[in-house]
Amino acid sequence: MSKTTLLAAVAFVMVVSALVLSIYTGPDYQSLKNQTKASDILHNMNRELPNFALIDHNQTEFDNDSFKGKWTLVSFIYTHCPDICPTVLMDMSMLKSILVKRSLKEVPEFVAITFDPKRDTPKLLKNYVTHFDSGFLGVSGEQKSIDQLVKVFGAYYERSFEVEGKSVIIPNGQPMPNDVIDYSINHTALLYLISPDGRIFASFPMPHEPFLMADDVELFIKNYQ
Amino acid sequence: MNKIKKIILALVVMTGFNTTFAAEHKNMMHSGVVAHSAWVRSAPVNAPALGAFMEIHNNTHSKVKLISAYVAGYKRVELHRTTNQNGVMKMQKQDFMLIPAQGRLQLKPGSWHIMLIGPKTVPSEGELVTISLKFDNGKTQTIHATVKKGKKMMMNHHKH
């Protein structure tokens with residue numbers, strides 16, 4: 001084989017590979033969009049979660065591998081929340097019991113990541129989240145690592161407290177004054193479904209309707225390749 | 001004959017129940033400002049805060065404000081409202097809750113609620129929590145709220 005033929009062959013293989021790569025971007029789950037009832041499909045073959053390392057409520061490392069090989073439903077919460085977070089966790093517990101009754105080939109894991117690791121230690125989270133379902137897993141860790149995930153998930157939070165009757169807001173990522181220990185958190189309250197390839201597959205906005213969400217989760221699991 | 005007696009007796013009993021129910025209903029609907037159907041959401045034993053919910057009817061011809069709530073055994077009790085601002089759930093402390101004249105205000109998850117902060121002991125499901133409400137017209141009301149999970153949505157969707 002002459003040098004020119006070899007070069008031509010290499011070039012041909014490269015062009016074909018590039019073409020295949022540009023056409024094949026994995027299964028297109030957006031086609032399921034018209035069948036969903038309570039969620040937005042976010043799956044993107046080209047976007048993996050960045051590397052992260054957190055700690056779960058059993059003091060075990062919780063990282064990218066924790067999402068691999070199974071479906072996971074994720075929420076962001078904080079335990080000082082008297083209204084929205086218990087509502088979200090209650091919705092998650094209803095969703096789980098509906099899915100268990102439907103005899104799916106797989107019921108997702110349920111994970112609640114705290115926005116507020118300063119107050120929500122793994123031990124405290126364990127007592128808190130297992131109140132809603134004994135199988136729920138609470139996840140805490142470094143604020144920086146949590147903030148990184150919050151951003152990737154497209155979630156948002158800000159701390160809020162009062163000084164002399166006036167409301168002060170500290171957006172996420174910005175430092176809190178050390179002397180402020182009594183604060184609440186304004187936050188988004190979506191649920192996220194992570195597919196077994198460790199990517200964000202779908203999000204469920206408020207208000208959560210567990211029966212409709214269960215229909216969507218079932219649809220995604222059945223159609224996942 | 002026996003059958004007729006039984007029917008008459010049943011009718012008498014039913015009328016009695018009806019009258020009692022009507023009297024309670026009338027009382028609720030026509031005696032000033034009345035809070036009812038109060039409940040506290042059951043929470044983990046280490047929960048730093050709990051939410052209390054209820055419905056408040058104002059049967060008077062003037063607007064009334066709920067200005068405070070008190071529950072023994074908590075560090076603080078505050079009036080709060082959660083609002084959804086472009087997907088961000090914001091919880092804000094309120095100075096009062098306004099109940100319009102001849103109207104009602106429903107305190108429910110994701111909306112108006114009474115926040116019970118720093119419980120000495122978190123009440124368990126089925127327990128009663130005594131809440132004292134104070135209105136700006138000088139009236140007060142003490143109400144017993146049942147601690148429960150509040151799985152209302154589950155019931156709403158049984159039809160599905």
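Which strands of chain A does α4(A) lie across, and at about what angle does α4(A) run to β2(A)? The legends below, all drawn from a predicted model, begin with that view.

**Figure 1. Helix α4 of chain A on the sheet.** Helix α4(A) lies across β2, β4, β5, β6 and β11 of chain A, and its direction is at about 105 degrees to β2(A). The helix spans residues 143–152, and its buried residues are Ser145(A), Ile146(A), Asp147(A), Leu149(A) and Val150(A). The cover over these residues includes β2 (53–56), β4 (72–77), β5 (109–114), β6 (137–140) and β7 of chain A. An α-helix has 3.6 residues a turn, so residues three or four places apart point the same way. After α4(A) comes Gly154(A), which has a positive phi near 75 degrees.

**Figure 2. The open sheet of chain A.** Eight strands of chain A form an open sheet of mixed pairing, in the order β1-β11-β10-β4-β5-β6-β2-β3. Strands β1 (40–41) and β3 (61–63) stand at the edges with a single partner strand each, so one side of each has no neighbour in the sheet. Within the sheet, β10 (residues 191–194) and β11 (residues 200–204) of chain A are antiparallel partners joined over 4 bridges. One of the residue pairs here is Tyr192(A) with its bridge partner Ser203(A) in β11(A). Helix α3(A) also packs on the sheet, where it touches β2, β4, β5 and β6 of chain A. The direction of α3(A) makes about 150 degrees with that of β6(A).

Figure 3. Pro122(A) is located in helix α3 of chain A, which covers residues 122–129. Is Pro122(A) buried or exposed? With a relative accessible area of 14%, Pro122(A) falls under the 20% limit and is therefore counted as buried. Beyond its neighbours within four places in sequence, Pro122(A) contacts Ile55(A), Asp56(A), His57(A), Gln59(A) and Ser140(A). For His57(A), the C-alpha to C-alpha distance to Pro122(A) is 4.1 Å, although 65 residues separate the two in sequence.

**Figure 4. Salt bridges within and between the chains.** Side chains of opposite charge can pair when their charged atoms come close. Over all chains, the structure holds 14 salt bridges. In chain A, Asp116(A) and Arg119(A) form one of them, with an N to O distance of 2.7 Å, and both residues are buried. A further salt bridge links the side chains of Glu158(A) and Lys90(B) at 3.3 Å, N to O. Glu158(A) belongs to strand β7 (residues 157–163) of chain A and Lys90(B) to strand β5 (residues 88–94) of chain B, so this pair joins two chains. Glu158(A) and Lys90(B) are both buried.

Figure 5. The side chains of Glu55(B) and Arg104(B) meet in a salt bridge of 2.9 Å, N to O. Glu55(B) lies in strand β2 (residues 49–58) and Arg104(B) in strand β7 (residues 103–107) of chain B, so the pair ties together parts that are 49 residues apart in sequence. Glu55(B) is buried, at a relative accessible area of 15%, whereas Arg104(B) is partly exposed, at 44%. In chain A, salt bridges with shared partners join Lys37(A), Arg102(A), Asp215(A), Glu218(A) and Lys222(A) into one network.

**Figure 6. Strand β1 of chain B and its partners.** Strand β1 of chain B, residues 33–41, is mostly covered, since 8 of its 9 residues are buried. With β2(B), the strand pairs in the antiparallel sense over 6 bridges, and Val34(B) has His57(B) as its bridge partner in β2(B). With strand β10 (residues 140–148) of chain B, β1(B) pairs in the parallel sense over 3 bridges. Arg41(B) stands opposite Lys148(B) of β10(B).

Figure 7. Chain B contains 2 helices and 10 strands, which follow the pattern α-β-β-β-β-β-β-β-β-β-β-α along the sequence. Of its 160 residues, 39% are buried. Among contacts in chain B with a separation of 6 or more, 64% involve residues 24 or more positions apart. The chain exposes about 9,600 Å², of which carbon and sulfur atoms supply 57%.

Technical notes. Residues numbered from 1 in each chain as written. Chains lettered and ligands numbered in written order. Predicted model: local features only at pLDDT ≥ 70, side-chain atom pairs only at ≥ 80, totals over all residues. Heavy atoms only, no water. Buried < 20%, exposed > 50% of the residue type's maximum accessible area, 1.4 Å probe, protein only. Contact = heavy atoms within 4.5 Å. Salt bridge = Lys/Arg side-chain N within 4 Å of Asp/Glu carboxyl O. Areas by Shrake-Rupley, 256 points an atom, 1.4 Å probe, with all protein chains shown as cover. Pairing = 2+ DSSP bridges. Axes fitted to C-alpha atoms, helices over the stretch in contact; angles between N-to-C directions.
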